[in-house]
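Here are a few notes from going through the model. Have a look at the structure first, then check the points below against it.

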Amino acid sequence: MKKMISMLVGILLLSCLPLYLHFAHKSTEPDSGGDGQRLDVHKLESIVNLASSGEKAGTNDVKAPSFTLKALDGSYHTIGGKREKPVVIHFWASWCEACSVEVATLRKLYGQYKDQVDFLGINVSTEEKPENIEKFIKQNNLKYPILLDEHKHAADLYQLHALPTVFLIDKNGYVMDTFHMVDPLELEEKIRHLAEP
């Protein structure tokens, strides 16, 4: 009888192990799910039109979807909600030639505006080899944090359709502009506009 009870207790403990591991894992890593709300594409279109005309979007327009991703250095970064500074998010991949062109301007602007604006590179890395990501970062001398979107979670929330794509998000967590490849002078003007108090 004692053997039977010991065996049942053992089976019960083993059956609870996956549940324990699931919760233990969740408690050591930040939630990468965010609020799960995708961008409102129709409202985003009006934001892009406003930004093109030089106007700022209203505070109740397009809320930036929330997510948390791990950076190459092992730290975690969260996008969404209020921040101390506005943020530039640059979605890229190492195989994307246009990304290499645009990142040169972003590197320069990071040097100019890093005290007023946060810059984050997001590698859409489902098909990337780690050595290619490292090579891209080294070749382009990137100093701002590079996050890994290994499961395209952030790309999905932001309804990404092309690379490179840049999102400009204000301190209150609202999208101010988005674009694929713009002239370096226009990009500088957009970030200067974002940095204004």
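Is Asp 170 buried or exposed? Some ground rules before the points. This is a predicted model, where local features need pLDDT of at least 70 and side-chain atom pairs count only at pLDDT 80 or more, while totals for chains, interfaces and linings use all residues. Residues are numbered from 1 along each chain as its sequence is written, and side-chain values use heavy atoms, with hydrogens and water left out.

1. Asp 170 counts as buried, because its relative accessibility is 14% (buried is under 20% relative accessible area, exposed over 50%, partly exposed in between, with a 1.4 Å probe and protein chains only). You'll find Asp 170 in the loop between E6 and E7; helices (H or I, at least four residues) and strands (E, at least two) are DSSP runs, numbered from the N terminus.

2. Now look at what the Asp 170 side chain has around it. One of its polar atoms lies 2.8 Å from the backbone nitrogen of Tyr 174, and the backbone nitrogen of Asn 172 is 3.0 Å from a polar atom of that side chain. Setting aside neighbours within four places in sequence, Asp 170 also contacts Pro 86, Met 176 and Leu 194 (contact means heavy atoms within 4.5 Å).

3. Most residues other than glycine have a negative phi, and most peptide bonds are trans. Gln 159 has a positive phi, near 50 degrees, and sits in the loop between H5 and E6. Gln 159 is classed as partly exposed because its relative accessibility is 25%.

4. That loop, between helix H5 (153-157) and strand E6 (165-169), also holds Pro 164.

5. Met 181 is another non-glycine residue with a positive phi, near 40 degrees. Its place is the loop between strand E7 (175-179) and helix H6 (184-195). With a relative accessible area of 35%, Met 181 is partly exposed.

6. Finally, which residues does Thr 105 touch, not counting those up to four places away in sequence? They are Pro 184 and Leu 187. Thr 105 belongs to helix H3 (residues 97-113) and counts as buried, since its relative accessibility is 14%. Thr 105 and Glu 188 are 83 residues apart in sequence, yet their C-alpha atoms are 8.0 Å apart in space.

Key:
A polar contact is a pair of N or O atoms within 3.5 Å; within protein, one must be able to donate a hydrogen and the other to accept it, and residues adjacent in sequence count only if both atoms are side-chain atoms.
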